Amino acid sequence: MTRQWNTVGEVMTHAVVAVGRDATFREILDTLQRWKVSAVPVLAGDGRVIGVVSEADLLTTQDREPDRVEAFTAGEMMSEPAVTVHPASPTAEAGRAMARGHLKRLPVVDDEGYLVGIASRGDLLKIHLRDDEDLAGQVKVELLAALSPEQTVAVDVRAEEGRIVLTGTLPEASTLPVLERLVRAVPGVVDVDVRALAPA
């Protein structure tokens, strides 16, 4: 079966390190270093995400209050409200949220705001690690949804290191730009090469 990787839930990391609002500066720092992450979600007592504490937040606190830095808690240092994403959100949407906020990771929360995973930049880049067979398979599925079965059979799909090559024939030349846009939108496709798809 083709792995699609269209949504955050399909690429996110399920094992998440988080802290409570009462976690101390030292506890948070130890957690970041132990798990080799740059930020952790902060959870309320019921497990809902209420903020995020990052290395930048720790550094800001240290610069602002160097003499009493150890007294600060996650609730005092966290960035809030947390920028979160839903598992059903498209990976492109999560990528845009990261870019807008200059973030390296986003907590993934369900409809009630409970933490279910974490999406990092690396997770979102997984789509580019799909093997060519999977990629070509998904492109065929997308073409089948857009064309009739007879038209789909007339188009050959090959993937070469993320580059999709389309060959064959179509009944109308006007279909070509639509097909190219459709294929480029498939996660993991890096380029599209349309060859000899002149109308039959």
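What order do the strands of the open sheet have, and what pairing? The order is β1-β2-β3, three strands with mixed pairing; two strands count as paired if DSSP finds at least two bridges between them.

Before going on, the ground rules. This is a predicted model, where local features need pLDDT of at least 70 and side-chain atom pairs count only at pLDDT 80 or more, while totals for chains, interfaces and linings use all residues. Residues are numbered from 1 along each chain as its sequence is written, and side-chain values use heavy atoms, with hydrogens and water left out. Helices (H or I, at least four residues) and strands (E, at least two) are DSSP runs, numbered from the N terminus.

β1 runs parallel to β2 (residues 39-43), joined by two bridges. V19 has V42 as its bridge partner in β2. Helix α2 (residues 25-35) packs on this sheet and touches β1, β2 and β3; contact means heavy atoms within 4.5 Å.

Now helix α5, residues 91-101. Its buried residues are T91, A94, A97 and M98. Buried means under 20% relative accessible area, exposed over 50%, partly exposed in between (1.4 Å probe, protein chains only). The buried residues pack against α1 (8-11), β4 (105-109), β5 (115-120) and α6 (121-124). On the face turned away from the buried side of α5 are the exposed residues A99 and R100. Just after α5, H102 takes a positive phi of about 50°.

How values were computed
Axes fitted to C-alpha atoms, helices over the stretch in contact; angles between N-to-C directions.
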